[in-house]
Amino acid sequence: MVPTRPKYPIGIQSFSEIRKGGYIYVDKTGYIPLLLEGKYYFMSRPRRFGKSLFLSTLEAYFLGKKELFEGLAVGEWEKDWTEYPVVHIDFNTMDGTDIETVKRTLLWQLSRIAEAYGVVIPEDAPREIGTYFAELVISLHAKTGQQVVVLIDEYDKALIEVLHDEDKLSAATTALRPFFNVLKSCDDKIKFAFITGVSRFRNTTIFSGFNNPSDISLAKDFAAMFGLTQKELEDHFRQGIEIIADDYEYPYDMMLSVLKDKYDGYRFTDAKTYVYNPFSVLNALSKRRLEDAWVQSGSSRILQTYLRRSHFTFDEMTSRWVSDTDLQATYSTENPLSLLFQTGYLTIRDYKRDFYRLGIPNQEVQSAIVNLLIPEFVKGTTEVRTIESRIPWNPCQN
């Protein structure tokens, strides 16, 4: 009999599909009771760290799909399983370079949600994203008698892709502000809201008028909500690690060490909690190859374009101590450090008395910096070999 191979949910962002399809699922539902102590949240993490899957998990929970949570942490905790109407908006599907396209796609997503719930938005309601969103929330509340749950994934895509163009960035911010302001104007009709993204645009006015969500990006209680801890890797992926170890003719413990050097080392809070990039791990175990999947899966074009204007030394970025305000700051050419941290190219290396020092998380990211970023924006760089010799990788000590 051919042994059953593990099923890895590569590219699958639907919690329901993963649970019904027999894919490996690392239980992150234990964070839900903690989140329910508040109402509005924002969480920043680099791309491909599981943000979309977690929002899908929250959607299933608030829809009362009890059967999907059997055996999971929140399944043991929740007793009532109340069903709430959910508005789930995904900016990932939008062309962020054109704000008019973003607005049309937003209206389309909102109209599909209204249709799914059998809600009729008044024909005379303006087809403006803020007004339409508000009408939808009001109508869902009136029809179901329950407050509405709002989940917004990758809210900043339309901002990041025009970051280098001040006029387009200003236009995108102005256009999206009324949409996010609904979270305040309809506060009494909203049960819970969770917003994800890569960046924190605190200095823009996109949230102007809205009670800013609790930013838990640097909160130690949520340090491992996205990504894989060492324990999660070993508990859930032992069979896959044994298979790739056999292919490379490594002992199991040696392969664990190789995976750790290659994909671990991300630290997002002052707690000494380190996580692996889940996308890279899943791809490595599925293909049985130690590839740089995270780097290959997305373009660094925006990063290159923006940082080309900056004037800094890489040594300075990884040696000086900075505050949490610096880490959460809106990107600027004067201080690109927050951009490198929020996009995952640098991570927290040390923490002392409310100040942080950054470093390269792992070998995969080191490769990306050498081959994709440094030749583009570090002044005086002409040869990759020269730069590579100047940035030795120093793994985190967990």
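Buried here means under 20% relative accessible area, exposed means over 50%, and partly exposed lies in between (1.4 Å probe, protein chains only). The model is predicted, so local features need pLDDT of at least 70 and side-chain atom pairs count only at pLDDT 80 or more, while totals for chains, interfaces and linings use all residues. Residues are numbered from 1 along each chain as its sequence is written, and side-chain values use heavy atoms, with hydrogens and water left out.

**Figure 1. The whole chain.** The chain has 19 helices and eight strands. Both are DSSP runs numbered from the N terminus: helices are H or I with at least four residues, strands are E with at least two. Of the 398 residues, 54% are buried. Contact means heavy atoms within 4.5 Å. Among contacts with a separation of 6 or more, 71% join residues 24 or more positions apart.

Figure 2. H11 spans residues 252-263, 12 residues in total. From first C-alpha to last it reaches 16 Å, close to the 16 Å expected at 1.5 Å a residue. That expected span is 1.5 Å times one less than the number of residues. Its buried residues are Tyr252, Met255, Leu256, Leu259, Lys262 and Tyr263. They cover an arc of only 135 degrees around the axis, so they sit on the same side of H11. The arc is that of the directions from the helix axis to the C-beta atoms. An α-helix has 3.6 residues a turn, so residues three or four places apart point the same way. Just after H11, glycine 265 has a positive phi of about 100 degrees.

**Figure 3. H10 against H11.** Helix H10 covers residues 238-248. H10 and H11 pack at an angle of about 100 degrees, with axes 9 Å apart. Axes are lines fitted to C-alpha atoms, for helices over the stretch in contact, and angles run from 0 to 180 degrees between N-to-C directions. The two helices are therefore roughly perpendicular. Angles under 35 degrees count as roughly parallel, over 145 as roughly antiparallel, 65 to 115 as roughly perpendicular and the rest as oblique. Arg238, Ile241, Glu242, Ile244, Ala245 and Tyr248 of H10 meet Tyr252, Met255, Leu256 and Leu259 of H11. The buried residues of H10 are Gly240, Ile241, Ile243, Ile244 and Ala245. They pack against helix H9 (230-236), H11 and H12. Just after H10, glutamate 249 takes a positive phi of about 60 degrees.

**Figure 4. Positive phi in two loops.** Most residues other than glycine have a negative phi. Arginine 288 is not a glycine, yet has a positive phi of about 60 degrees. Its loop runs between helix H12 (278-287) and helix H13 (293-296). Arginine 288 is partly exposed, at 28% relative accessible area. Aspartate 354, also not a glycine, has a positive phi of about 70 degrees. Its loop joins strand S7 (347-352) and strand S8 (355-359). Aspartate 354 is exposed, at 52% relative accessibility.

**Figure 5. Proline 46.** Proline 46 lies in the loop between strand S1 (40-44) and helix H3 (51-62). At 1% relative accessibility, proline 46 is buried. Proline 46 and glycine 344 are 298 residues apart in sequence but 5.3 Å apart in space, C-alpha to C-alpha. Leaving aside neighbours within four places in sequence, proline 46 is in contact with Lys51, Val198, Phe268, Trp294, Gln342, Thr343 and Gly344.
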